[in-house]
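Have a look at the model first, and then we can check each label against its definition.

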Amino acid sequence: LPDAVKTAINTELNNISQTGVKKVFFLPGIGNVGDQQGDAGGKPTWSTAQRENYVNNITLAADYIISRGYEIFGVAPFNEPDFEKTYTGDASNYNAVSAIMQTKSTLAGKIVGPSTLNSTEAKNWYPTVKNNINYANTHQLAGSKFSDYTGFWSQAKTDGKQPVADEMHNVMEAMICINYGGVAGT
């Protein structure tokens, strides 16, 4: 890993160390990928080589976190992938990246599904990715109906995917996620 990446990770781990927590959720940042490797419209093409390189970088970072004495319980390929400014592509790209992640011993069995910004979008993304994820996830920041949010968690639980609310935008997110047998973040 480059020193700048280690420094950024160390800053986060030093903050976490103040809590005594040793089991963490890892959400790799993607930055502005579209400006770096995308098509003329600014969105990435996500070739197989780009996906593999991305996952290899995530694996290096995860190995580093583990070497610092932390356990990673879950890792998400992208945050809020339905928000077009994240440049992560569509559900099929999330699924392809998740499938590669499942082949890495450090990451296998720990893949968290799309933390869609819009809970109505969760039901559109989930069917495409559910076979390559271990945990279900969404946010309740936008969406047309509250039943979309609770319905998503119900479907995930039926499918045997433990809910994870990786970002708490409001207390209700934690309450609903835990109600469905999940784990809520901060």
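Predicted model: local features only at pLDDT ≥ 70, side-chain atom pairs only at ≥ 80, totals over all residues.

Q: Why are α5 and α6 called roughly parallel to each other?
A: Helix α5 (residues 119-129) and helix α6 (residues 146-158) pack at an angle of about 30°. The cut-off is under 35 degrees, and α5 and α6 therefore count as roughly parallel. Their axes are 7 Å apart, and α5 passes α6 in a left-handed crossing.

Q: Which residues of α5 and α6 meet?
A: From α5 come Ser 119, Thr 120, Ala 122, Lys 123 and Tyr 126, and they meet Asp 148, Tyr 149, Phe 152, Gln 155 and Ala 156 of α6. This set divides into five nonpolar, three polar and two charged residues.

Q: Why does Ile 65 count as buried?
A: Buried means under 20% relative accessible area. Ile 65 has 6% relative accessibility, so the label buried applies. This residue sits in helix α3 (residues 48-67). Setting aside neighbours within four places in sequence, Ile 65 is in contact with Ile 9, Leu 13, Val 24, Phe 26, Tyr 70 and Ile 72. Val 24 is 41 residues away from Ile 65 in sequence, with 9.3 Å between their C-alpha atoms.

Q: What makes strands β1 and β2 a pair?
A: Pairing needs at least two bridges; β1 (residues 23-26) and β2 have four, in the parallel sense.

Technical notes: Residues numbered from 1 in each chain as written. Heavy atoms only, no water. Helix = DSSP H or I, 4+ residues; strand = E, 2+ residues; numbered from the N terminus. Buried < 20%, exposed > 50% of the residue type's maximum accessible area, 1.4 Å probe, protein only. Contact = heavy atoms within 4.5 Å. Axes fitted to C-alpha atoms, helices over the stretch in contact; angles between N-to-C directions. Parallel < 35°, antiparallel > 145°, perpendicular 65-115°, else oblique. Left-handed = near helix turned anticlockwise from the far one by under 90°. Nonpolar A, V, L, I, M, F, W, Y, C, P; charged D, E, K, R; others polar.
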